[in-house]
Amino acid sequence: MTYLAKSLANGGRELIAFRMGNQEFCVNVMSVREIRGWTPATPMPHAPQYVLGVINLRGAVLPIIDLSARLGMAPAEPTVRHVIIVTQVKNRLVGLLVEAVSDILTIKDEDIQPTPDMTSEFERTFARGILAIEGRMICLIELEAVFPHYESEAA
Amino acid sequence: MDMNEIKEIFFQECEEQLAELESGLLRLNDGDRDPETVNAVFRAVHSIKGGAGAFGLDDLVSFAHVFETTLDCVRSNKLEPNQDVLKVMLKSADVLADLTNVARDGGSVDQARSAQLIRELEALAKGEAPPAAAPVAAAPKAVAAPVAPAPVSNDEGFVPVAFSFDDFGDEDEAVADLPSYEIVFKPKSELYTKGNEATLLLRDLSRLGEMSIHCNMDGLPSLDQMDPEAAYFSWKVSIKTDKGEDAIRSVFEFAEWDCDLEVTAHETGEASEAVADDLPMQPVPFDLSALDDEPDAPLGVVEEEEQIAAVQEAVAAAEAASNVVQMAASASRAPAADKGAAAAAAQNNAQQASSAAAPTIRVDLDRVDRLINLVGELVINQAMLSQSVIENDSNGVSSINMGLEELQQLTREIQDSVMAIRAQPVKPVFQRMARTVREIADITGKSVRLVTEGENTEVDKTVIDKLAEPLTHMIRNAVDHGLEMPEKRIAAGKNAEGTVKLTAKHRSGRIVIELSDDGAGINREKVRQKAIDNDLIAADANLSDEEIDNLIFHAGFSTADKVSDLSGRGVGMDVVKRSIQALGGRINISSKPGHGSVFTMSLPLTLAVLDGMVVTVAGQTLVVPLTAIVETLQPDAAAIHSFGATQRLISIRNSFCPLVDVGRILNFRATQANPVEGVALLVESEGGGQRALMVDAIQGQRQVVIKSLEANYTHVPGIAAATILGDGRVALILDVDAVVAASRGQSLQHETSLAAAG
């Protein structure tokens with residue numbers, strides 16, 4: 001509720017935009033804990049392809065997700081220039097591997113356009129809407145929809 | 001802070017008091033006759049009673065009351081604390097602990113047992129020998145009886161007994177036929193600092209019967225010498241009551257250490273006059289009703305009043321004492337005085353606590369764990385920093401290097417001290433064992449003495465918590481199976497009283513707990529026969545003594561001729577062994593026929609770290625818990641035998657053992673590796689079966705800090721946990737049991753929810 005109150009007071013909300021492939025995406029800044037450079041992850045046995053492994057985040061074991069692969073796009077080939085966005089989904093931390101962080105956006109709720117009908121069911125589950133900023137198209141991602149199992153496990 | 005929290009604190013304190021009580025009683029049992037020990041025991045019971053009273057835990061109060069009464073006899077040297085007396089008291093301490101647990105967690109206690117003990121305690125208090133066990137049927141009545149004395153004084157209802165100048169002198173006619181008592185009550189200043197108030201005590205006293213009070217103010221120094229927090233007044237009270245001396249004393253029950261109290265009984269009738277004659281100064285009678293609710297009621301004091309009023313400012317803390325006079329003057333100052341008294345009481349409590357033991361604080365375990373985590377990270381970070389400095393600095397003598405070395409020492413020290421926070425002495429567990437021994441000795445009719453050593457050895461709290469169960473089991477076994485009956489012991493030339501010895505010590509970074517008994521030792525012939533009967537070994541197997549001894553750790557093994565209540569149901573030592581192994585520990589037995597057995601357990605100091613073997617599998621670094629590994633070997637091609645389509649066996653000293661490729665099981669590689677190029681780890685798993693785990697190479701052996709995978713990810717089959725190595729990377733800790741199970745054909749389940757989501 002505090003966030004809602006804040007965004008109402010400021011007349012907007014803040015989003016972090018990042019690039020994967022040639023597309024831009026953004027997530028709510030409130031769910032981002034930190035952004036750090038890519039470090040090689042320790043692969044996990046029996047993990048889905050988009051789980052790159054785990055890294056050491058100041059003593060905690062942090063799973064790294066290739067967001068691009070998770071969203072059904074081409075798997076990323078991590079380089080030192082890639083970054084990990086550490087996000088909190090429910091009460092867990094997840095590292096999202098993306099190509100680069102591009103922007104911090106302050107937008108109003110009415111700037112968010114609904115996801116067009118033409119997209120497939122899969123995209124619509126995680127795309128909360130799209131934004132048109134300076135001629136670019138940025139897709140707003142709903143993290144809880146990307147990792148729905150966290151929800152069910154918490155319940 | 002709500003009531004439940006306060007109650008929780010009370011129960012925590014109860015635990016401490018109970019531990020104090022038990023250790024005090026055990027000291028007495030060992031012949032310690034230090035009055036301070038008796039006092040400590042008495043205080044423990046008294047505190048429990050006091051707290052329980054505040055929460056209305058009547059069962060606890062009534063039992064504690066009887067216990068306390070008997071302890072009081074010991075304290076006042078009316079009762080010699082010999083072995084028999086202490087036996088009853090130790091049992092009472094157990095019941096008190098049970099009652100406390102019931103009060104906290106619900107459930108029920110063995111009423112017959114506590115009733116029996118109440119009778120025994122009462123008998124002791126009256127100077128009799130403990131009675132033999134009486135029929136259980138009489139029990140409920142006996143429970144009720146001891147409760148009576150304490151509440152009586154309150155149940156009577158308050159009948160104000162007004163005094164006035166007119167009445168004065170006549171009172172002995174009114175109640176002339178009642179016994180009268182003279183009470184000299186001289187509070188010490190501690191009484192007030194603890195929040196007690198003389199006025200209230202006197203008012204309670206007045207409920208017992210008709211009384212007259214004289215305040216002795218002789219002790220009051222002149223204003224410049226007065227200590228505002230000291231107590232200067234004393235009271236002389238004569239009271240006529242049929243409730244008896246006990247009722248009078250019970251009024252002062254919670255204050256008796258902080259005042260001088262004399263209660264003397266007088267012959268009927270003559271009493272008051274005698275009192276009046278004895279008084280050194282003019283009696284100052286007053287209207288008792290003034291104490292109740294009329295602060296401005298005129299008091300009977302005339303001459304003194306001015307003087308008193310003059311010194312009132314200085315008497316701030318002693319105000320409560322002079323309340324009788326005070327009330328007339330200042331009702332408004334009362335809150336201030338209360339505050340002062342409360343503050344003083346708090347301070348006093350703090351002082352008491354610190355004088356009783358080293359000061360401690362209660363800290364949430366989560367906070368400590370977080371600190372430990374962060375410090376662990378600090379150590380790794382520091383190591384990484386040193387590494388990169390060394391790589392970039394070829395001459396290696398720069399001041400950065402010096403600073404780093406100091407940093408390294410500091411971080412190590414911090415890590416050690418932080419780990420020490422979680423460490424607790426094993427004493428509480430050992431004390432619980434004392435109780436177990438007593439109970440089993442009772443049931444089996446054996447005479448047993450438990451000797452403990454090294455109870456201050458510290459080990460991680462989680463280890464302590466998980467230690468109690470296997471230890472209880474082993475103690476039961478030691479008393480039930482290990483020790484012989486007294487007659488047998490005497491026949492064997494031993495002391496009729498058996499000894500069970502429990503020791504704890506630190507040895508090379510682990511805690512070693514030894515449990516030894518001086519019983520008959522393991523009957524190897526019997527064990528062997530039993531093992532043959534149960535098809536555990538072949539009839540003609542040639543086993544060493546040690547191997548036979550270790551047979552008792554097999555599942556479903558019990559040599560007791562008859563199954564007793566306590567042990568021998570065949571869920572004995574194998575369960576013990578398994579729980580010790582689950583703690584990352586090992587257990588050994590050595591036995592000498594006729595001289596007893598020794599069980600030695602070696603446990604890690606903490607569950608947060610683990611001794612592991614760092615290995616490489618398919619380019620990945622894995623950690624295998626060292627406790628699981630029996631031996632490591634380099635297989636040669638001749639020892640590898642194919643078995644069926646995909647299975648391979650390795651022959652080790654003429655026995656065949658399935659070979660498990662860890663990399664294949666964990667899906668790190670698609671095809672099986674060539675065993676000859678790797679190393680085989682011979683492991684023993686939960687089921688007892690041995691497997692040879694194939695890894696590519698062994699990097700070394702080290703202690704690793706265990707990190708949870710589940711916190712941010714999910715459980716991964718075949719992986720127990722994760723850890724962070726010196727280079728800052730995460731390494732996975734192998735779940736040996738799961739890997740072995742998987743090799744039996746139960747595939748590691750792909751039930752990770754991430755996979756399901758994808």
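This is a predicted model: local features need pLDDT of at least 70, side-chain atom pairs count only at pLDDT 80 or more; totals for chains, interfaces and linings use all residues.
Colleague: How many bridges join β1(B) to β4(B)?
Modeller: Strands of a sheet pair through backbone hydrogen bonds, either parallel or antiparallel. Here β1(B) and β4(B) run antiparallel. The number of bridges joining them is eight.

Colleague: What is the bridge partner of B:Tyr181 in β3(B)?
Modeller: Strand β3 of chain B spans residues 234–240. Six bridges join β1(B) to β3(B), and the two run antiparallel. For B:Tyr181, the partner in β3(B) is B:Ile239.

Colleague: Which strands are the edge strands of the open sheet in chain B that has five strands?
Modeller: The order in that sheet is β20-β12-β13-β22-β21, with mixed pairing. An edge strand pairs on one side only. In chain B that describes β20 (697–705) and β21 (719–724).

Colleague: What does the twist average from one strand to the next in that sheet?
Modeller: The sheet is open and its five strands belong to chain B. From one strand to the next, the twist averages 35°.

Colleague: Which residue in β13(B) stands opposite B:Thr616?
Modeller: Strand β12 of chain B takes in residues 609–617, and β13 of chain B residues 620–625. They run antiparallel and are joined by six bridges. Opposite B:Thr616 stands B:Thr621.

Colleague: Is α1(B) roughly parallel or roughly antiparallel to α2(B)?
Modeller: Helix α1 (residues 3–29) and helix α2 (residues 35–54) of chain B pack with axes 8 Å apart. Their angle is about 155°. Angles over 145 degrees count as roughly antiparallel. So α1(B) is, relative to α2(B), roughly antiparallel.

Colleague: Is the crossing of α1(B) and α2(B) left-handed or right-handed?
Modeller: The contact brings residues of α1(B), including B:Phe10, B:Leu21 and B:Leu28, to meet residues of α2(B), among them B:Val41, B:Val45 and B:Ile48. The contact residues divide into 10 nonpolar, five polar and three charged. The crossing of α1(B) and α2(B) is left-handed.

Colleague: In chain A, what share of contacts between residues at least 6 apart in sequence join residues at least 24 apart?
Modeller: Chain A has five helices and 10 strands. Buried residues make up 34% of its 155 residues. Among contacts between residues at least 6 apart, the share joining residues at least 24 apart is 54%.

Note on methods
Residues are numbered from 1 along each chain as its sequence is written. Chains are lettered from A and ligands numbered from 1 in the order in which they are written. Helices (H or I, at least four residues) and strands (E, at least two) are DSSP runs, numbered from the N terminus. A residue is buried if 20 or more other C-beta atoms lie within 10 Å of its own, exposed if 12 or fewer, and partly exposed in between; C-beta atoms are placed from the backbone. Two residues are in contact if their C-beta atoms, placed from the backbone, lie within 7 Å. Two strands pair if DSSP finds at least two bridges between them. Axes are lines fitted to C-alpha atoms, for helices over the stretch in contact, and angles run from 0 to 180 degrees between N-to-C directions. Angles under 35 degrees count as roughly parallel, over 145 as roughly antiparallel, 65 to 115 as roughly perpendicular and the rest as oblique. A crossing is left-handed if the near helix is turned anticlockwise from the far one by less than a right angle, and right-handed if clockwise. Ala, Val, Leu, Ile, Met, Phe, Trp, Tyr, Cys and Pro count as nonpolar, Asp, Glu, Lys and Arg as charged, and the others, Gly among them, as polar.
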